[in-house]
Each structure stands twice: as structure tokens, then as C-alpha cells.
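I opened the model to look up helices, sheets and confidence, and kept notes as I went. The entries follow in the order I made them.

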Amino acid sequence: MSSRVSAPSNGLSDAAVTRLRALGRWPEFESGRYSVVEEIGRGGMGTVFLATDDELGREVAIKIPNALASASLERRLRREARVLARLEHPGIVPIHDAGRLADGRLFYVMKRVRGETLGDHLRHVPDLTERLRIFERICEPVAFAHARGFVHRDLKPDNVMVGAFGEVMVMDWGVAKTVDSLQSSVASHSLQSQSPFDDAQGDPELVEGSTVPVDSLRLQSSSSVGSLRPAETEVGTVIGTAGFMAPEQARGEAAEVDERADVYGLGAILFLLLTGRIPDADPRAALRLIKVPRPLAAICARALEVEPSKRYQTATALADEVARYRDNRKVHAHRETALERAIRFGRTYRTAILLVLAYIVMRAAVAFLAGW
Amino acid sequence: MEPDDVRSSGGFPATRHSAIERIRDPDPDTRREAFGDLVAGYWKPVYKHLRLTWRLDVEDARDLTQGFFADAFQKAWLEKYEPGKARFRTFVRVCADRFVMNMRQSSSRLKRGGGVQTLPLDFDGAEREVASRSLTPASSRPPDPDEFFHQEFVRALFDQTVNDLRAEYAERGRKIPFTLFERYDLAPVEGVSYAELAREFGLTPAQVTNNLAQVRRRFRERALDALRGLCGSDQEFRREARDLFGLEIE
């Protein structure tokens, strides 16, 4: 029997052991340009660190994959970086740089987004009109991405950041796919170009617009905002998040997933804004129960239709409907009763109606006084 | 592998097979080497477990640690490990517990040198570690056995890795990178900055960053390699690596 003799020592301190364990996830940059400050987010695919860009003297966020030598995570991170690079929009976080860490893992550097997730933000925004304005701002970058040929596929409150002034950023484009029916020639071309950021095999997922197979689903019933986290996207198992995922996406019908899957995701977010809950199998019932205004309930229900052809066909159409409601105009998804039309008319022309009524009352009063 | 060669392997050298694979190998030399690695990785956690969970005195803990590994080697019962039932380190701890119970029941305390082949283990060092952390058997509440064993397993793994890393850098005549690592990452308390280290060693902060990055990378590779050798299966290794470093290994 033999044994390696351990060198005499007093052992590592608890602090040293903790520091050494942290080294596994702590990114090391060969260039020395970025100094990592702290970990600010961790998901199934990657970890986001707050860092300083010592060249430009600014704070940035750096995303790295959680796995060493993982081809699938590397593909996803690369895809996300390239999608972000193609999507220059105020509602989509801009990417600044990309490369490899000293241990060979990919990383990309993006703007540091300040604010809170939509789920957290809603806790102190009770006003419905303000919530609807935020929703319209969420639709804008999604519609822009659709116009550029990308579908997000994982729209949910945790992937929407809201800043101090109500500005909205749609995050986490790691599972976005290109859609042939959109401007896929532009998107695919940009994603196929080779660079030091590539691996030898390229990225078939991006080029073909295919998806990672859905092996299992963890569905959850209607629940409060606070319970969103357990159903997060898992690497290699689910693309999307239960409750916010379009039915065709949940069934793994990759070819059927297009921009209307994002319309469903937006509908689920709208449902959350209106009810504080995640949609379940019968969203119409929940909307009725919580007494959401009928036109809004109709908009939401249409966005959440099981059949994609029955939904709004674009994010812009959905946002326009919400804007129509907010502006007190007729909503296409809802057939008004005469009473509802009268009430809406009354709200729209409230000032004019009040002036006319005041004039009539005044004339009546003058006539009455003159006769008396 | 040379410290600068690591990138060619994608950042992680998968050189070592699991402990169970190697101690079941038909080649006696491979088995002996595998057993030596297991002893190196597990003797300190076992010893501390006996001292603090079982509250044995120093002499009994030493005797039973020696006896435990000698018995494991002679009777080859570590080979009976079944990966589906528990992690290998849990299996080792449970085996140690059973060994102590059997010894107590038979009232046959192992005497030092009493027919047991003595392993060259640094019990004095282990005892200093026990004392330096106020982990004395007299402490009011015994630690959770599994948690404590894991904690000490990680410490022993890192300790051994650091020793191997020190030897590797010394052999290559590259003492400064390791000294920076020792000063910055292994210090009992945080305090020194990259800028201070740069001044002290006549380097630029970027050089300190790069040197530390290189040693840290090498440390992680060595630790993962050693960890793979101490696990019962590849699946367990991946789980342990995730727990240890928050890293997914594919």
C-alpha cells in the first residue's frame, strides 16, 4: 500500500477556501482591460458580472457561460452576442465587446443595465395606465427584433428590466432564433460570418433557425408574481418558461415558432400586468374573475389564443390595441355594447359634453328666470 | 502537462479516471496508486471526523484512521461502492463510522504498530488545523457530520492541490506567479491589492493580473483533475464540480 505524503501544513483558512471556490466562476481576462467587481446575476446558461472597463473608465456587465468546454452553452452565448450586435435599439442592451477568457470560455461585454426586473417593478406601480405604458415600451424592441428577423422565445418578467425613469430593456436573447418568413437572409448572413469568436463548426442552430428539443416541461398553474422563479429556463431541456411560453413552443414544434410565439409571451406579460398572476389554462376566466376592463381582457385573451393564427399577428398590432384602449378609442378585439360605446363616447368627449350640458342648463335657467 | 499548455485542452485536462474505476483495475500498480490518491484525499476528513464528530482523543483518532485505511486496502471494501446509492465521499464517511462502531463493539482498539501498516500521514498538521479553528471536541455542539466531512474534504483537496501547484511552479523556476497567488488568494484575510503586489514585486498591475490568472487557471484544472480522481463516477464528478466551483462540466 502506498500513499502520497501530504506536506506538513496548517491547512487553508476558511476564507482562503471560500476564495478558491469562487475562482471557478470568476472570469480571468488575459488583456487586463476588465476588472471584475462582483457577480450580479446567475442563470441556467451563464453568469453576469459587474466589471469596470479600465480603458474607457466605465462600468460594464460581462456574461460568461457557467460551463467549461461546453459546446452547447458556447453556441448559445455566441448566438446571444451576435443577436445583440444586430439589434441596435434603445430597448435592447447594447453589446460592447466579445472574446475568450484565459480558460478558453467565451464572454461578451454589454452595457450595465440599472433598474429592476418587471416583476419587482410592478410591486410599486399600481396605476393601470402606467402599467400599460410600460407594456407598450416592452412591445417596441420585440417588434424591432421581429422586423430584423429574430424571435426572442423567452419573454417573461425576469427578462425585462425597468429603469428609474420607466425606460424598458428586453434582456436575455440567448434562445432567440431567426425566422425564415422575416428578414432571415439578413440575420442568417450576419450570424454565419466567421471570426475569432467562432468555432470550427459554425452554428447550425442559428443558420437553420432550429431549436433545442424540448425534453420536458415543468408547468405551473396560475400563481403570483413572487413564484415566477421556479419555472426558469433550463439548459438543454426547455426553451422558454412555462406560463409565458406559447403552446406551439411548449409542444416542441420548432418549425411553428415565429413572431406570434412572442405575441403570446407579450400576452402573458400583459396578463401579469392586469392580474398579478401567470396565465393558466383558462386565462379568460381569470380575467373575468379579477374584473379586468372588458376591452383589455379581450386584448389579452386574443394575444393568448392557443392557435397562432387567432392571435395578433405582430407585436406592433398588440401594442397598437393597448394604445387604443389607453387613448379611449375603440378596440378591435372587443365588440362593444351600446352602453359601453356611450360610456367610451362620454369619456372621450367629456369636456365637450360638460360644456354643452352647462350651456343647456344656463339657457334653461335664463329662460326660467325671464318667465318668472 | 506544463502550466502554459492548458489552453490546448480546452481549459480542462480530463486525464484521471474515477477512483472506483482505478481501484478495480486488474493492474496492482494502478490499484495501489489509486488507493494512495484516495488516502491522500480522504485521510484528513476522516481523521477530523473521528476527532470532532466521534469526539475521539488524538491517539484513538490516529490509530483508527490508520486502521481504517489499512483495513480498506486489505479487505478491498471500497471497491464495493455502488455509485447509484450515494456520493463516494458519503460512502467513505459511512464506512469510517461503521469501522469505529465495529472497533468499539469488539473492544479491540487498534494499537499503533499493532500489525497495521503505518501510512506516512501528517497527523500533527491535521491536529494543528483542528486547534487553529477552535474545532475542538470540547465544543458544545458536534458539527453536522455530512456537512463537516464535505467541508474538510474540500479543504484537503485544495490543500493538496496547492502543494502540488507549489511544487510545479518551483520545478519550472517560476516562483513569482505562485507567490502572488499565495499572497493574494491564500492569505487568511483579504487586504493586499493588485497595485500593492505590483509595487512589491516590481511588476505592472496588468502583469499581476495575468500571473494570477495563469496560476488560478492551473489551480482549477489541478483541483478538478484531483476531484475526478476522488469521485465514484463521472456523474458524481460533474455534480461535485458544480457544487465546488459552480461550473458545469460536459
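**Helix H9 of chain B.** I started with the length of helix H9 (residues 205–230) of chain B. At 1.5 Å a residue, its 26 residues should span 38 Å, and the end C-alpha atoms are 37 Å apart, which agrees. The expected span is 1.5 Å times one less than the number of residues. I then looked at burial, where buried means 20 or more other C-beta atoms within 10 Å of the residue's own, exposed means 12 or fewer, and partly exposed lies in between, with C-beta atoms placed from the backbone. H9(B) is mostly covered, with 21 of its 26 residues buried.

**Ground rules.** This is a predicted model, in which local features need pLDDT of at least 70, side-chain atom pairs count only at pLDDT 80 or more, and totals for chains, interfaces and linings use all residues. Residues are numbered from 1 along each chain as its sequence is written, while chains are lettered from A and ligands numbered from 1 in the order in which they are written. Helices (H or I, at least four residues) and strands (E, at least two) are DSSP runs, numbered from the N terminus.

**Chain B overall.** I read off ten helices and one strand in chain B. Along the sequence the pattern is α-α-α-α-α-α-α-α-α-α-β. Of the 250 residues in chain B, 42% are buried. I next checked contacts, meaning pairs whose C-beta atoms, placed from the backbone, lie within 7 Å. Among chain B contacts between residues at least 6 apart in sequence, 70% join residues at least 24 apart.

**Helix H7 of chain B.** Which residues of helix H7 (residues 175–185) of chain B are buried? I found Pro177(B), Phe178(B), Leu180(B), Phe181(B), Tyr184(B) and Asp185(B). Seen down the axis of H7(B), they fall within an arc of 155 degrees, so they line one face of the helix. The arc is that of the directions from the helix axis to the C-beta atoms. An α-helix has 3.6 residues a turn, so residues three or four places apart point the same way. What covers the buried residues of H7(B)? The cover includes helix H1 (14–22) of chain A, together with helix H6 (145–171), helix H8 (194–201) and H9 of chain B.

**Five-stranded sheet, chain A.** I moved to chain A. Two strands count as paired if DSSP finds at least two bridges between them. An open sheet of five strands has the order E1-E2-E3-E6-E5 (chain A), with antiparallel pairing. E1 and strand E5 (95–100) of chain A stand at the edges, each with a single partner strand, so one side of each is left without a neighbour in the sheet. Neighbouring strands of this sheet are turned by 25 degrees against each other on average, direction ignored. Axes are lines fitted to C-alpha atoms, for helices over the stretch in contact, and angles run from 0 to 180 degrees between N-to-C directions. Helix H2 (residues 71–86) of chain A packs on the sheet, touching E2, E3, E5 and strand E6 (106–111) of chain A. The direction of H2(A) makes about 30 degrees with that of E6(A).

Strand E1 (residues 34–42) and strand E2 (residues 46–53) of chain A pair antiparallel over seven bridges. Three residues link E1(A) to E2(A) in a hairpin. Glu39(A) stands opposite Phe49(A) in E2(A). E2(A) and strand E3 (residues 58–65) of chain A run antiparallel, joined by eight bridges. Thr52(A) has Glu59(A) as its bridge partner in E3(A). The E2(A)–E3(A) hairpin has four residues between its strands, and Gly57(A) in the turn has a positive phi of about 65 degrees.

**Ala143(A).** I located Ala143(A) in helix H4 (residues 128–147) of chain A. Ala143(A) is buried, with 22 other C-beta atoms within 10 Å. Ala143(A) and Ala315(A) are 172 residues apart in sequence but 5.2 Å apart in space, C-alpha to C-alpha.

**Confidence.** pLDDT is the predictor's confidence in each residue, from 0 to 100. Chain B averages 80, and 84% of the residues score at least 70. Over residues 1–14 of chain B, pLDDT stays under 50. Where pLDDT is low, the predicted coordinates should not be read in detail. The predictor gives the complex an ipTM of 0.81 and a pTM of 0.64.

Notes: Two residues are in contact if their C-beta atoms, placed from the backbone, lie within 7 Å.
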